[in-house]
Amino acid sequence: MPAPRKYPDELRERAIREVRTTGRPIAHVAKDLGIHKEALRGWVRQTEADHGERDDRLTSAERDELKQLRKENAELKRANEILKAASVFFAQEIDRPRTRPSR
């Protein structure tokens, strides 16, 4: 479960919009709104990546896809380990010499 957000979405959107439209420094906008400047800087960078203005960061969609693929990969690795263990077990059963029951 993700950690709860410290700042409401409305405040995030307002701060990002103010930085992008006014051109004021991030530190000044953050101080005016009572937000940590590094948090605001990260939000602005992520918004720029989502709008294709940055190439050094994954977009939100790419980040979500990567998270999903990593989860799926972990599940497949677990399933593969189970299948390997089962194949070893059944291979031992097949190789075991059979004895005839005595009458």
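Contact here means heavy atoms within 4.5 Å. The model is a predicted one, in which local features need pLDDT of at least 70 and side-chain atom pairs count only at pLDDT 80 or more, while totals for chains, interfaces and linings use all residues. Residues are numbered from 1 along each chain as its sequence is written, and side-chain values use heavy atoms, with hydrogens and water left out.

Overall, the protein chain has four helices and zero strands, running α-α-α-α along the sequence. Helices (H or I, at least four residues) and strands (E, at least two) are DSSP runs, numbered from the N terminus. For 103 residues, a compact globule would come out with a radius of gyration near 13 Å, but this chain has 27 Å; the value is taken over C-alpha atoms, and the globule rule is 2.2 Å times the number of residues to the power 0.38. Along the principal axes, the C-alpha atoms fill a box of roughly 95 × 25 × 15 Å.

Now to the helix pairs. Axes are lines fitted to C-alpha atoms, for helices over the stretch in contact, and angles run from 0 to 180 degrees between N-to-C directions. On the α1 side sit Leu 11, Arg 14, Ala 15, Glu 18 and Val 19, which meet Ile 26, Val 29 and Leu 33 of α2. That contact has six nonpolar, no polar and two charged residues, where Ala, Val, Leu, Ile, Met, Phe, Trp, Tyr, Cys and Pro count as nonpolar, Asp, Glu, Lys and Arg as charged, and the others, Gly among them, as polar.

Helix α1 (residues 9–22) also packs on helix α3 (residues 37–50), at about 75 degrees and with the axes 10 Å apart. The two are therefore roughly perpendicular (65 to 115 degrees; under 35 is roughly parallel, over 145 roughly antiparallel and the rest oblique). Arg 12, Ala 15, Ile 16, Val 19 and Arg 20 of α1 make this contact with Leu 40, Trp 43, Val 44, Thr 47 and Glu 48 of α3. By class, there are six nonpolar, one polar and three charged residues.

As for α2 and α3, the angle is about 120 degrees and the axes are 9 Å apart, so the pair is oblique. This crossing is right-handed. Ile 26, Ala 27, Val 29 and Ala 30 in α2 meet Lys 37, Leu 40, Arg 41 and Val 44 in α3.

Key
A crossing is left-handed if the near helix is turned anticlockwise from the far one by less than a right angle, and right-handed if clockwise.
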